[in-house]
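I am opening a notebook on a structure that is new to me. My plan is to look things up one by one and write down what I find.

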Amino acid sequence: MQKKLSRRRRATRRPKKCNKLLHHPRQIYRRRKLLEQGLSPRVEKYWFQRYDLFSRYDEGIRMDEQGWYSVTPEQIAIGHAKRCQRTTVIDCFAGVGGNAIQFASLHCHVVAIEIDPLKVDMAINNAKIYGVEDYIDFIVGDFFELAPSLKGDVVFLSPPWGGPSYTRVKKFTLDLLKPKDGHAIFQAAQAITPNIIMYLPRNVDLHQVEELCWLSSPPLDVEIEENYVQSSLRAITVYFSGASSTQCI
């Protein structure tokens, strides 16, 4: 009786494709620099843009992980500051100080509020690098708790957008802002002054933003500005002002 020959197929795995970019000398150097500075690979994209964020980065600028993806690029912050020269500006979510520094650089008195004390320490360090620490009053606290006692000519609002994931939303609605929805944030600012600057994601729902001006009686004037860095749309800035306002916003 003839035996049946059994045939076995040997399972072979295809070799994984090697990502040549990871082994490129320049890529290796960049990764090493990130590790030397104690930075997470998650901020690598923003580290490549570090001089857009702070032109004096190499002089000792400090940021935490959230600061890397939330700080306003310097040229945009300068544009905000040019609208508010020689006024008192309340920066309600100051973070690591990107906007507060530029407001102070154009002779504004700045009240910079930030709930995280570690971020405030970083912001003070960064302000010293730009030589403007004497023009900024840093406060560790909750903007919503402090708002009833605050006085200023302009309120600057750059609330957290919820991290880099905001880009995956087709239309960013105001309820996605943190720590409260955009309407609550705006109303708290409106109790201080009608002159309000809101720095928002580039995919924000503009119809919702325009509706904010109707929360005041009479309605506020509103101007919407697109913010570009190196020909790339980064964000939207909205300027609100009262009809009787004499501020340069």
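**Entry 1: Arg83.** I started with Arg83, which is buried, with a relative accessible area of 17%. I keep in mind that this is a predicted model. Next I looked for a charged partner. The side chain of Arg83 meets that of Glu223 in a salt bridge, 2.8 Å from N to O. I then checked where the two sit. Arg83 is in the loop between helix H5 (74–82) and E1, and Glu223 is in strand E6. The pair links distant parts of the chain, 140 residues apart. Is Glu223 buried, partly exposed or exposed? I found it partly exposed, because its relative accessibility is 37%.

**Entry 2: the other salt bridges.** How many salt bridges does the structure hold? I noted five. One of them joins the side chains of Asp64 and Lys119, at 2.8 Å from N to O. Asp64 lies in the loop between helix H3 (50–53) and helix H4 (65–70), while Lys119 lies in helix H7 (residues 117–130), so this pair ties together parts 55 residues apart in sequence. Lys119 also meets Asp116 in a salt bridge, here at 3.2 Å, N to O. Lys119 counts as buried, because its relative accessibility is 7% and the cut-off for buried is under 20%. Asp116 is partly exposed, with a relative accessible area of 22%.

**Entry 3: strand E1 and its partners.** I turned to the strands. Which strands pair with E1? Strand E1 (residues 88–91) pairs with strand E2 (residues 109–114) in the parallel sense, over four bridges. Within that pairing, I found Thr88 bridged to His109 of E2. E1 is also joined to strand E4 (residues 154–157) by three bridges, and these two run parallel. There, Val89 has Val154 of E4 as its bridge partner. I then traced the path from E1 to E2. E1, helix H6 (residues 98–105) and E2 make a β-α-β unit, and I recorded its hand as right-handed.

**Entry 4: a nonpolar patch.** Which residues make the nonpolar patch? They are Leu206, Val222 and Ile224, and the patch covers about 190 Å². I placed Ile224 in strand E6 (residues 221–229). Ile224 is partly exposed, with a relative accessible area of 33%.

Note on methods. Residues numbered from 1 in each chain as written. Predicted model: local features only at pLDDT ≥ 70, side-chain atom pairs only at ≥ 80, totals over all residues. Heavy atoms only, no water. Patch = residues over 30% accessible without salt bridge, like charges linked within 9 Å, V, L, I, M, F, W, Y side chains within 5 Å. Areas by Shrake-Rupley, 256 points an atom, 1.4 Å probe, with all protein chains shown as cover. Salt bridge = Lys/Arg side-chain N within 4 Å of Asp/Glu carboxyl O. Buried < 20%, exposed > 50% of the residue type's maximum accessible area, 1.4 Å probe, protein only. Pairing = 2+ DSSP bridges. Right-handed = clockwise from strand over helix to strand, strands pointing away.
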